[in-house]
Amino acid sequence: MSISNHGHQAREIELTSYAEIVLAPHEADRAHPAFSKLFVQTEFVADVGALLATRRRRSPGEPEIWAAHLAVVEGDTVGDAQYETDRARFIGRGRGIRTPICVTESQALSGTVGTVLDPIFSLRRRVRIPPETTVRIAFWTLVSSSRSEMLDLVDKHLDATAYERAVTRAWTQAQVQLRHLGISTDEAHLFQRLANRVLYSDPTLRPSSEILQRNGSGPSVLWPQGNLRRSADRPHSNRRSRGSGDCPPAAASPRILADENSWPSIS
């Protein structure tokens, strides 16, 4: 995260991270989330300013897993790092994740570690940004199979240049994979745009509020209209015949059919 001060006075800003800890397979967490969290223990390593978490093994055959969370600041910091691993203390009674008491009420993080009912990772750093200056902070979350290996990873990522190395390594690996698959950079960007429109809502495809308000009946009345392009406009070879072989009219089966002519061509 990069924060720039374009003003003529120095500014101080607090940055607080938040992540919920699982350290278990997705299916196990969904089946018994409260029970699964009881086996997570946390600690704070003051020498490196990192939070550690591990899951107590329920059997000797269960693999060991450790996670770490740390913040690396490129710039001037004010005060010591604050930390929290208890979700209830961070959010507060009767509040949600969008209005945590430690942020909205400017409360200091309590520094609670150990065996907590609902474990989280949260680090807070206060940075001072002089005029016409940019401060950068990188929040790292690391995973390893032992505590000693985890501390080695933390030590490697304390360097301010670790983020640039990780970005360069990821870019290089992506280029190797694209070359292996025979996909050009332009095609990869096209695939990414298409995937974003499928997985995430694209506001550019939504009509304006004025147009939506003209339809006083609501969007539900649009479903019976069916096709984007009516079936009667063009023949389809994959239709099943009924009776004499004639197909039912398009309005009888409300389906959404994409127009193949509007699809992007990918070679």
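How exposed is Glu14, buried or partly exposed? Glu14 is partly exposed, with a relative accessible area of 39%. Here buried means under 20% relative accessible area, exposed means over 50%, and partly exposed lies in between (1.4 Å probe, protein chains only).

The model is predicted: local features need pLDDT of at least 70, side-chain atom pairs count only at pLDDT 80 or more, and totals for chains, interfaces and linings use all residues. Residues are numbered from 1 along each chain as its sequence is written, and side-chain values use heavy atoms, with hydrogens and water left out.

Start with the charges. A salt bridge puts a side-chain nitrogen of Lys or Arg within 4 Å of a carboxyl oxygen of Asp or Glu. By this rule there are 10 salt bridges. One of them joins Glu14 to Arg126, at 3.3 Å from N to O. This pair links distant parts of the chain: Glu14 sits in strand β2 (residues 11–16) and Arg126 in strand β9, 112 residues apart. Helices (H or I, at least four residues) and strands (E, at least two) are DSSP runs, numbered from the N terminus. Arg126 is partly exposed, with a relative accessible area of 30%.

A second pair is Asp118 and Lys37, whose closest N and O atoms are 3.0 Å apart. Asp118 lies in the loop between β8 (114–115) and β9, while Lys37 belongs to helix α2 (residues 33–37), 81 residues away. Both partners are buried.

Next come Arg95 and Glu105, whose side chains form a salt bridge at 3.2 Å, N to O. Arg95 is in the loop between α3 (87–91) and α4 (101–104), and Glu105 is in the loop between α4 and β8, 10 residues apart. Arg95 is partly exposed at 32% relative accessible area; Glu105 is partly exposed at 44%. Elsewhere, shared partners join Glu12, Glu14, Arg124 and Arg126 into one salt-bridge network.

Now the nonpolar side. A nonpolar core is a set of buried Ala, Val, Leu, Ile, Met, Phe, Trp, Tyr and Cys residues joined through side-chain atoms within 4.5 Å. The largest core has 17 residues, and Ile21, Ala53, Phe121 and Val127 touch the most other members. Two or more residues come from each of β5 (50–55), β6 (66–74), β9 (119–129) and β10 (133–144). Strand β9 gives the most, with four.

Take Val127. Contact means heavy atoms within 4.5 Å. Leaving out residues up to four places away in sequence, Val127 touches Arg11, Glu12, Ile13, Leu15, Val73, Asp76, Thr77 and Val135. A second, separate core has 13 residues, among them Val45, Leu52, Trp66 and Leu70.
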